[in-house]
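Thanks for making time this morning.

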Amino acid sequence: MRASRWGRFLAALWRRFRTWAPARAKRAVRGIATAVAAGVAGLAAAVPGMALAAGAAIAGGVLKWIRIAPRGAVWGGRFLKWGPAVVMRVWKRWMHVSPQVALWFPTPGQQMPSTSAAPGGGGFGGSMSYFVQATEAARDAYAHYDPPAMLAVAAEYEGLPEGISAVGQAIRDLVLNTADRYPVDKALAEQLAVVFAHVHAAESKAAEVAHLFRDLHEHDLKRYEEPRPGEHMWNIFERRLDGTYARRPSVFVLACQDIAHTYARHELTRMMNGPSVAAEYEGLPTGLENIAAAVRFLAVKSAEAYPVEKPVAEAVAEVEHQLMRAVSAAQELFPRFRRLHAPDIKRHEAPRNGVAAEAMWDA
């Protein structure tokens, strides 16, 4: 009996913490743990990387001395990037998909809610938001994408507005359903409209990226679009224009279109428990963070890896900042939902004389 009481007490404390603890505090705790893990993993990768880099540098020096390798070649630099690359990968991965620890204690007759389908953390009532699931897939697909050439990178810049527009379509559907179909206070639709406005502003910023990239890299793009005779003679490392780098569709666009399609296919019929309106409200900030993370990957690579002008990387970073404003607005939605619908939510979280008895009030 005492163990059961302690379990219910801890479960109540956890629910209260999830309801009232500031989002920044939660992210700070997770950030500290992730930083430690990323540092350890980066150190473990840096040690063999430095050893291989030293060996490659020695071998390169010998080859240059006997004139087998060109003198301008750089040897071993890639191995030195192992440590920082692992740190960034662990940080980006864990800050968004680290499992949430659920202090949930079943009462007699209840079963533990499944978390196997929610690798990024459970939603309200133990259910993952459809929006979170779809955006996690988009974020992961983009995080592991390595464009083979600059034409593929150009497709990503030009596809940014279309991809963000697809995300906005999913949020627009949630706005309209909240205003016209769901039994909720109209203030929630107004808050969702603010979120949508920020996403639309991010789409406008993304359109500026495409124009800026084309203006600053007109000469680079012209070499592909209007090649001169013998254009390959200007190539670095003697790469030939053999059609390998033909323009391809944007990975970001394809991933975000899947978000809109997935979200449109699911009709929510419950306010709470399982796939529900409440789970979508709670998961909206996380889903938008996933999209912002995908844009952040592009911004970081533009600043550190891709051969583009600095203003292009800065413009992509501005798109991410605008998306984070949408995240901040979305973080106000679920607490407002709980506050405005406290009596309705209480019927589910603390049913009087059990669920069956409480169901006698169902309309």
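Let me begin with a convention: a crossing is called left-handed if the near helix is turned anticlockwise from the far one by less than a right angle, and right-handed if clockwise. Helices here are DSSP runs of H or I with at least four residues, strands are runs of E with at least two, and both are numbered from the N terminus. What you see is a predicted model, in which local features need pLDDT of at least 70 and side-chain atom pairs count only at pLDDT 80 or more, while totals for chains, interfaces and linings use all residues. Residues are numbered from 1 along each chain as its sequence is written, and side-chain values use heavy atoms, with hydrogens and water left out.

The protein has 14 helices and zero strands. Of its 363 residues, 37% are buried, where buried means under 20% relative accessible area, exposed means over 50%, and partly exposed lies in between, with a 1.4 Å probe and protein chains only. Taking contact as heavy atoms within 4.5 Å, 75% of the contacts between residues at least 6 apart in sequence join residues at least 24 apart.

Now to the first pair. Helix 6 and helix 7 pack at an angle of about 165°, with their axes 9 Å apart; the axes are lines fitted to C-alpha atoms, for helices over the stretch in contact, and angles run from 0 to 180 degrees between N-to-C directions. Helix 6 and helix 7 are therefore roughly antiparallel, given that angles over 145 degrees count that way, under 35 as roughly parallel, 65 to 115 as roughly perpendicular, and the rest as oblique. Their crossing is left-handed, and the residues of this contact divide into 23 nonpolar, three polar and six charged. In that scheme Ala, Val, Leu, Ile, Met, Phe, Trp, Tyr, Cys and Pro are nonpolar, Asp, Glu, Lys and Arg are charged, and the others, Gly among them, are polar.

How far should helix 7 span? With 31 residues at 1.5 Å a residue, it should span 45 Å, and its end C-alpha atoms are 46 Å apart, which agrees; the expected span is 1.5 Å times one less than the number of residues. Its buried residues, including Leu 192, Val 199 and Phe 213, pack against helix 6, helix 8, helix 10, helix 11 and helix 12.

The second pair is helix 5 and helix 10, which pack at an angle of about 10° with their axes 8 Å apart. That makes helix 5 roughly parallel to helix 10, and the crossing is again left-handed.

Asp 185, in the loop between helix 6 and helix 7, counts as partly exposed at 34%. Asp 185 and His 341 are 156 residues apart in sequence, yet 8.0 Å apart in space, C-alpha to C-alpha. Asn 353, in the loop between helix 13 and helix 14, is exposed at 77% relative accessibility, and its phi is near 60°, a positive value in a residue other than glycine.
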